[in-house]
Amino acid sequence: MARYKQLAEKFIHDIEAGKLNPGDRMLSLRQFASQQGVSVSTAVSCYAELEAQGWLIARPQAGFFIAEQHTIAPTPSWPPFRSQVATPTTIRHRTLTPCGPLGTSRLQLDKTAEQALDRSLRRAMKRASPQLTYYPAPQGEPALLNALAQHFTHSGFALNGEELVITHGCMDGVKTALMVCTQPGDTVAISSPCYNGLLDLLSQLSLRILEIPSLVEGIDLDQFEQHLQRGTVQAGLFCTTHMNPQGITLSSQQKQRLAQLANRYRIPVIEDDVYLELPHRHQPPLPAAYYDEEGYMLWCGSVSKTLSPSYRLGWCRPGRYFQPYLKRALGVPTLVQYALADFIESGAYASHLKRVRYQLNQHKAYYLHYLSEHLPPGSTITQPDGGLVLWMQIPGLDAQAVGDAAEQMQLDIHIGPWFTESERYQNCLRINIGFAPTTAIEDQLAQLMRLIAQHQTV
């Protein structure tokens, strides 16, 4: 374990033991470094870790202080159920409400990232100039393929650029994977609850679904395997890291078993890994595709959640389905590919991700505290270690009524019934934490709390 993390854990232990109290002032960074016999950079990393976890607060011109520890609502339970094949309803998860900070899962770009993207785009214009009169290569530009491969290899997931296909975002990558691996009428296993956009996509492709229950450590893979043995499903589609909407990350054991099941039963499993690089405190985990030995995992990702949805740029590692997948690829705008390649190669993407992880942990602490203070008694809230969303269960809530009222107010909120084709999650809501709290966001949260109070029956 890194030295700064060892020091941080020692301070957490002292705070929990009552040796340090809320409001106590910490040593200055230089004093702390001298006392512990470490470099100032290690001291900075230690304090940043403690601040990110909510143990310290920084006060301008005053220093660092032990933070007040707030009571956080308990986490939701995930009751078991027996999976049944269902047909998803056609596009019932969209409203006319403008995209707001609490609804759609997305990041708020900071000025540093905006400026770095602008520089990358300018350099890309020069770099791509000779190719701007040609159609994009169906697989993608080598510059981006290689940049992505090196980026993920550096994170422990060894890739070769030739294994990837560039797509118009993660959803496009998943759609192509489904079209390659399934036929209309096939049944696809998904987690429950499941991102509403995937439910819409499965409906568009005339596919049936089998909702697999969530568990604290992931999903009910025992039940998934039972359906594989029976031949109930023809493919799997799972978000495996910081799932949307439940925030769960499959354990490494679950990811390994998921890949093993795909290989053992020779069934394609599409891995929607769009949140992989958004852990709040730690390095990103490995995807399930890391454990795939025979190519039955189709790994999809994009920069829509980590950087900007407007780029509409993603990728897929189709494994053994590479050739039929590539035949469906139409190519992604060349200039955008070169801009992202430059952004990665320059180190700006890695720096951006480091800032974003810290910021998201700060945002999460704020939203968890606010919700814990204002939600009705008995409410539960997920406390994910990454991703962009929080999931709430509120006793006696009529989530559909809240959603209808929110739409009339043009308040962007996602409700539990959108994330299933069953009658589950009728008392659940999901909010985005990708935006830093502002007065406007506090006003929207207050509006939401009033709607919850109006539509709670107990």
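Biologist: By class, what residues does the lining of the largest cavity have?
Modeller: Bear in mind that this is a predicted model. The lining of the largest cavity has 7 nonpolar, 1 polar and 1 charged residues.

Biologist: Which residues line the largest cavity?
Modeller: Phe152, Ser155, Phe157, Leu276, Glu277, Pro284, Pro285, Leu286 and Pro287. The space in this cavity is about 60 Å³.

Biologist: How many cavities of 30 Å³ or more are there?
Modeller: The count is 2.

Biologist: Which strand gives the most to the lining of the second largest cavity?
Modeller: Strand S10, residues 297-302, with 3 residues.

Biologist: Switching to sheets. In what order do the 4 strands of the open sheet come?
Modeller: The order is S12-S13-S15-S14, with antiparallel pairing. S12 (380-381) and S14 (414-415) are at the edges and have a single partner strand each, so one side of each has no neighbour in the sheet.

Biologist: What packs on the sheet?
Modeller: Helix H12, residues 348-374, does. The helix touches S12, S13 (389-393) and S15, and its direction makes about 15° with that of S13.

Biologist: Tell me about S15. How many of its residues are buried?
Modeller: In S15, 5 of the 5 residues are buried, so the strand is largely enclosed by the rest of the structure. Cys428, Arg430 and Asn432 point one way, while Leu429 and Ile431 point the other way.

Biologist: How many bridges join S13 to S15?
Modeller: There are 5, and the two strands run antiparallel. Gln393 has Cys428 of S15 as its bridge partner.

Biologist: And how many bridges between S14 and S15?
Modeller: That pair has 2 bridges, also in the antiparallel sense. The bridge partner of His414 is Arg430 in S15, and Ile415 stands opposite Leu429.

Biologist: Which way do S5 and S8 run, parallel or antiparallel?
Modeller: S5 (residues 187-192) and S8 run parallel, joined by 3 bridges. Val188 stands opposite Ala235 in S8. S8 also pairs with S9, residues 269-272, in the parallel sense over 4 bridges. On that side, Phe238 has Glu271 in S9 as its bridge partner.

Biologist: What is phi of Arg266?
Modeller: Phi is near 50° there, a positive value in a residue other than glycine. Most residues other than glycine have a negative phi. Arg266 is in the loop between H9 and S9, and Arg266 is exposed, with a relative accessible area of 54%.

Biologist: And Arg312, where is it found?
Modeller: In the loop between S10 and strand S11 (314-317). Phi of Arg312 is near 45°, again positive. Arg312 counts as partly exposed, at 41% relative accessibility.

Biologist: Last one. Is Leu7 buried or exposed?
Modeller: Leu7 is buried, because its relative accessible area is 6% and the cut-off for buried is under 20%. Leu7 lies in helix H1, residues 3-16.

Biologist: What is Leu7 in contact with, leaving aside its neighbours within four places in sequence?
Modeller: Phe32, Gln36, Val38, Thr42 and Cys46. Leu7 and Thr42 are 35 residues apart in sequence, and their C-alpha atoms are 9.3 Å apart in space.

Terms used: Residues numbered from 1 in each chain as written. Predicted model: local features only at pLDDT ≥ 70, side-chain atom pairs only at ≥ 80, totals over all residues. Heavy atoms only, no water. Pairing = 2+ DSSP bridges. Contact = heavy atoms within 4.5 Å. Axes fitted to C-alpha atoms, helices over the stretch in contact; angles between N-to-C directions. 1 Å grid on protein atoms, 1.4 Å probe; cavity = no way out; pocket = protein on both sides within 12 Å on 5 of 7 lines; lining within 4 Å. Points joined across faces, edges and corners; volume = space filled by probe spheres on them. Nonpolar A, V, L, I, M, F, W, Y, C, P; charged D, E, K, R; others polar. Buried < 20%, exposed > 50% of the residue type's maximum accessible area, 1.4 Å probe, protein only.
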